[in-house]
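I opened this notebook to keep track of what I looked up in one model, entry by entry. I wanted the cut-offs beside the values.

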Amino acid sequence: MSFWISTPYSQEPRLVLVRWRAWEAQVPNYDAPSWHLVGYLADEHCAKVSSAVAFVHPDTDEVTTKTGRTYALSGPPGVDAHVAALWESWQRQHSVTVLREVTTDVLDGRQPVAVKLIRGPDTRGDGNSSDL
């Protein structure tokens with residue numbers, strides 16, 4: 001699976017995810033478990049893992065992450081082979097422990113616990129499709 005560095009949110013402040021799901025995970029860089037979206041960007045023909053979710057907008061089916069990027073959630077939740085493969089690779093690469101699926105929480109408009117970055121993202125230069 002290939003990875004690349006995400007386009008900064010200032011250049012792409014809003015992305016549309018299809019075939020998406022949401023997960024709560026313990027990421028070593030955060031002081032508490034964080035929620036992350038994983039889904040498919042139809043316009044870019046690739047899978048994507050979001051940085052930590054900061055706010056769920058139930059009235060617009062959108063989610064804003066800690067980086068400020070907004071994800072529009074298009075269609076029902078789901079997953080495909082590309083999304084599943086990226087999610088598994090992302091977990092391994094970042095030593096992530098998945099705690100539970102929170103897709104229903106997002107659909108119901110529940111909010112994640114606020115998390116703080118306690119250590120910067122890995123900057124080894126190997127790239128990845130998430131900002132953490």
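The entries below go from conventions to strands, helix, cores and charged pairs.

**Conventions.** I am working from a predicted model, in which local features need pLDDT of at least 70 and side-chain atom pairs count only at pLDDT 80 or more, while totals for chains, interfaces and linings use all residues. Residues are numbered from 1 along each chain as its sequence is written, and side-chain values use heavy atoms, with hydrogens and water left out.

**Strand β1 and its partners.** I counted two strands as paired if DSSP finds at least two bridges between them. I found β1 and β2 paired in the antiparallel sense over seven bridges, with S34 of β2 as the bridge partner of A25. I also found four bridges joining β1 to β7 in an antiparallel run, where R100 is the bridge partner of E24. Strand β6 (residues 70-73) runs parallel to β1 and is joined to it by four bridges, and T70 in β6 is the bridge partner of R14.

**Helix α1.** I checked the length of the helix against the expected span (1.5 Å times one less than its number of residues). The 13 residues of α1 should span 18 Å, and the end C-alpha atoms are 18 Å apart, which agrees. At the N-terminal end, I noted that D80 caps α1 through a side-chain oxygen 3.1 Å from the backbone nitrogen of H82. After α1 comes S95, which has a positive phi, near 55°.

I then asked which residues of α1 are buried, using under 20% relative accessible area for buried, over 50% for exposed and partly exposed in between, with a 1.4 Å probe and protein chains only. The buried residues in α1 are V83, L86, W87, S89, W90 and Q91. Their cover includes β1, β2, β3 and β7 (97-101), where I take contact to mean heavy atoms within 4.5 Å.

**Nonpolar cores.** I defined a nonpolar core as a set of buried Ala, Val, Leu, Ile, Met, Phe, Trp, Tyr and Cys residues joined through side-chain atoms within 4.5 Å. The largest core has 17 residues, of which V27, V38, V49, W87 and W90 touch the most other members. The elements giving two or more residues to this core are β1 (14-26), β2 (34-41), β3 (46-49) and α1 (81-93), and α1 gives the most, with four residues. Leaving aside neighbours within four places in sequence, I found W87 in contact with W23, H36, V38, V49 and V98. Another core, of 15 residues, lies apart from the largest one, and L15, W35, V53 and V63 are among its members.

**L37.** I looked up L37 in strand β2 and found it buried, at 0% relative accessibility. Beyond its neighbours within four places in sequence, L37 has contacts that include L17, W20, V49, V53, V63 and Y71. The C-alpha atoms of L37 and V53 are separated by 7.6 Å, although the two are 16 residues apart along the chain.

**Positive phi.** I noted R19, in strand β1, as a residue that is not a glycine but has a positive phi of about 45°. I also noted D61, in the loop between β4 (53-57) and β5 (62-65), where phi is near 55°.

**Charged pairs.** I searched the whole structure for salt bridges (a side-chain nitrogen of Lys or Arg within 4 Å of a carboxyl oxygen of Asp or Glu), and the search finds seven. One joins E62 and R14 at 2.9 Å, N to O; E62 lies in strand β5 and R14 in strand β1, so the pair ties together parts 48 residues apart in sequence. E62 counts as buried at 17% relative accessibility, whereas R14 is partly exposed at 47%. I found a further salt bridge between E101 and R21, with the closest N and O atoms 2.7 Å apart; E101 is in strand β7 and R21 in strand β1, 80 residues apart.

Which residues are linked with E24 in a network of salt bridges? The network links E24 with R100, D105, D108 and R110. Within it, the side chains of R100 and D105 meet at 3.4 Å, N to O. I recorded E24 as buried, with a relative accessible area of 14%, and D105 as buried at 10%, while R100 is partly exposed at 36%.

Notes. Polar contact = N/O pair within 3.5 Å; in protein donor to acceptor, adjacent residues only side chain to side chain.
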